[in-house]
Structure formats: C-alpha cells, structure tokens
Amino acid sequence: MTHALTRRLLLSAGAALALMTSAPAMAQSNVPLRFSAVFSQQDIRAEMMERFAAALGEGFDFQGYYGATLFRQGTELVALQRGNLEMGNIAPQDISEQLPEWSVPTSAYLFRDADHLVTFFQSEAGEQMKQLAEDRLNIRVLGPTYFGVRHVGLRGDRAVNTPADLAGVRLRMPGGDSWQFLGQALGANPTPVAYAEVYTALQTGAIDGQDNPMPNVQNMKFYEVMDQIVKTAHLVGFDVLTISKSSWDSLTPEQQAQVQAAADEAIAWSNAQHLQNEADLIAFFEGEGLAIVEPDLDAFRTHAQELYQTSGMAARWPEGIVEQINGL
C-alpha cells in the first residue's frame, strides 16, 4: 500500500469518525420540550400545541403527550417543578393549591368572556400574577388557553333554575379545594372524579352531572350519557400554557422570543376555534336529544359571589384585584 493511499484511508476514517461523533452533538443541540396535558388528542388544544411546535422552527424537540398519558391530572405542576417535565397545560386551580393568590381567577363569575380573560393576563394585574407564579413556583406562564364557558350537564329531567335546585346533586368536579368550592358555590354536592372516568361515572349513575365547557362535552362524548345542559356559565374555562423556569432560563433571549411568539400565535388560533365551536354546539346537542336550559343567572351569580366573599379564600386575594379585573 502506497503512502498516499494510506493517508487517504486515514483521512476518510477520520472524517467518518467525526460525522459519527458529531451526530449526537447535533441532536443534543435541539432543546427538549416535553409537553403534558389531560386533554385528548382530538381536542382543539392538541392541534394548538402541534401548531406551536411548527411555529417554533428548528432548534427545538417538541414532544406532546395528551390524555394524561405522561402525567395524570393534577400532577403536571409538580413534574415541572421537579424538572421531570418542560411544559404543561396547567389548571389555575392546581396553581392555587400552592399559591393561594391564584384562587382569584378560579372564582365563579369573575371573567365576562374570553376577551376579558386575555385582557386580564395582558394587564398589570395579570403580569403581577404571572410574576408571582414565576418567583414562588418556578414556572413561567406563556398565556391563558381558553377552552370555553363551563356549564352544568345533568342526567335525568330535574328542573334547574336556581342554585337551590342543585341541592344534593352529585356534581363531578376535579379534585382540589378550588374546584370543590366552585361546586358548592353552584349549590351542588361536588364529587371529585378523574376526567377520564367521567363518562363511565355518568353512565353508571355514580354521579348525577358534571361541569365542563361544551367543546369538552363533545370531545369526550359526555352528551351520550347526559340529558340536559343547564347554561350556568359559571366559569370562563381556561388553563395556562406553562414552561418550567429552569427550562426558560436555559434558553437564549432569541429562543425565549421564539417560544413566546409561537405560544401567542397558537393560543390565538385555539381561542378563535373554541369560540366558533361553542357557537355551533347548541344545535348539535339539541340534535342529539339534549334539553338546553336557561336558568336564572342572577340567582347563580349572587349565590356564588356571596359564598366567595364570605369564605377564607377571598381573604387571601391581593387587595383590590377583583375591582381591577372588573374595571378592565
């Protein structure tokens, strides 16, 4: 073998080795973003997250886990804090379990509609709430993910017009003090049941009803085991798209801007889709044989707000924040 040939072979081997060793390094350069949520793959918000991933562009490795397949409902926040998860769609009720000030946006009849919700999170008061979560819980809130106004759905033909008519009703609410208090504020007997188990619980009569926005009722097919929707409109339903502070701080300013811009774009799309879907679903549910009931909203609002104001929960709210929100 000539000296020139030997040199070429060595150079080729070196180049191949360089490619082999550089490939993992290139793969590792992509920022991992594992995302966990309780909503299903069929949910509008699942497509929202796929749009988020597409808008991120290169440099990120987004992995979406839906239907509580990675972390069960209510455990995502702790997973973020422990470094076991980079991103999650977190219920404000879960945040309020650790940060009492966050029980404010979980209270009944606070936000008028989706626009009011978005306006709050963009306001000075909203920025203060987000900063509290970042400073004390080590999570960064990218924005609120609206998923519809929550109404009460029931089995049977019980007539419901005021909170008194829900007395004794076993109403499924998620676990946690904020959720359970909300059920009480509606006049019902709140019962914690996991989201994935609600259909069977309704079907078997283990519960009398559930509260969810109409798009969720459609996605999870709850309407198949319900007889009526009482339009209590008691809560503008939303979660918050969140990234762990350690993941956020590891990003360059340019990457942070990419993530926030992608989140803003995806959330705006999802909000618009949910609003259109809500407008169309009344006719769909009526076609499925459900009764659509218009109760006395003033009675529900008065009853709920009185309970919140006289509870220990309101005592933990930042002074004047309800007035600030009402003024937006």
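Trainee: What share of the contacts in the protein chain with a separation of 6 or more comes from residues 24 or more positions apart?
Mentor: Residues 24 or more positions apart account for 76% of those contacts. Contact here means heavy atoms within 4.5 Å.

Trainee: Thanks! What kind of model is this?
Mentor: This is a predicted model, where local features need pLDDT of at least 70 and side-chain atom pairs count only at pLDDT 80 or more, while totals for chains, interfaces and linings use all residues. Residues are numbered from 1 along each chain as its sequence is written, and side-chain values use heavy atoms, with hydrogens and water left out.

Trainee: How many helices and strands does the protein chain have?
Mentor: The protein chain has 14 helices and nine strands. These are DSSP runs numbered from the N terminus: helices are H or I with at least four residues, and strands are E with at least two.

Trainee: And what box do the C-alpha atoms fill?
Mentor: Along the principal axes, the C-alpha atoms of the chain fill a box of roughly 95 × 45 × 30 Å. Of the 328 residues in the chain, 48% are buried. Buried means under 20% relative accessible area, exposed over 50%, and partly exposed in between, with a 1.4 Å probe and protein chains only.

Trainee: Let's pick a helix. How many residues does α2 have?
Mentor: Helix α2 covers residues 44-56, so to speak a run of 13 residues. From first C-alpha to last, α2 reaches 19 Å, close to the 18 Å expected at 1.5 Å a residue. That expected span is 1.5 Å times one less than the number of residues.

Trainee: Which residues of α2 are buried?
Mentor: They are Ile44, Arg45, Ala46, Met48, Met49, Phe52 and Leu56.

Trainee: What caps the N-terminal end of α2?
Mentor: Aspartate 43 does, with a side-chain oxygen 2.7 Å from the backbone nitrogen of arginine 45. After α2 comes glycine 57, with a positive phi near 80°.

Trainee: Which residues other than glycine have a positive phi?
Mentor: Tyrosine 109 is one of them, with phi of about 55°. Tyrosine 109 sits in the loop between α4 (92-98) and α5 and is buried, with a relative accessible area of 10%. Alanine 233 is another example, with phi near 45°. Alanine 233 belongs to strand β8 and counts as partly exposed at 28% relative accessibility.

Trainee: Where is threonine 232, and what is it in contact with?
Mentor: Threonine 232 is in strand β8. Leaving aside neighbours within four places in sequence, threonine 232 is in contact with Tyr109, Arg150, His151, Val152, Pro295, Leu297 and Phe300. Why does threonine 232 count as buried? Because its relative accessibility is 0%.

Trainee: On to helix pairs. How are two packed helices described?
Mentor: By the angle between their axes and the distance between the axes. Axes are lines fitted to C-alpha atoms, for helices over the stretch in contact, and angles run from 0 to 180 degrees between N-to-C directions.

Trainee: At what angle do α5 and α6 pack?
Mentor: Helix α5 (residues 114-122) and helix α6 (residues 124-137) pack at about 70°, with their axes 4 Å apart. The two are therefore roughly perpendicular. Angles under 35 degrees count as roughly parallel, over 145 as roughly antiparallel, 65 to 115 as roughly perpendicular and the rest as oblique.

Trainee: Which residues meet there?
Mentor: Phe120, Phe121 and Gln122 in α5 meet Glu124, Ala125, Gly126, Glu127, Met129 and Lys130 in α6. The contact divides into four nonpolar, two polar and three charged residues. Ala, Val, Leu, Ile, Met, Phe, Trp, Tyr, Cys and Pro count as nonpolar, Asp, Glu, Lys and Arg as charged, and the others, Gly among them, as polar.

Trainee: What about α7 and α12?
Mentor: The axes of α7 (residues 177-185) and α12 (residues 297-309) come within 9 Å and cross at roughly 135°. That makes α7 oblique to α12. In α7, Phe181, Leu182, Gln184 and Ala185 meet His303, Ala304, Leu307 and Tyr308 in α12. By class, this contact has six nonpolar, two polar and no charged residues.

Trainee: Last one: where is phenylalanine 222 found?
Mentor: Phenylalanine 222 is in the loop between α9 (214-219) and β8 (228-244), and it counts as buried at 1% relative accessibility.

Key: A polar contact is a pair of N or O atoms within 3.5 Å; within protein, one must be able to donate a hydrogen and the other to accept it, and residues adjacent in sequence count only if both atoms are side-chain atoms.
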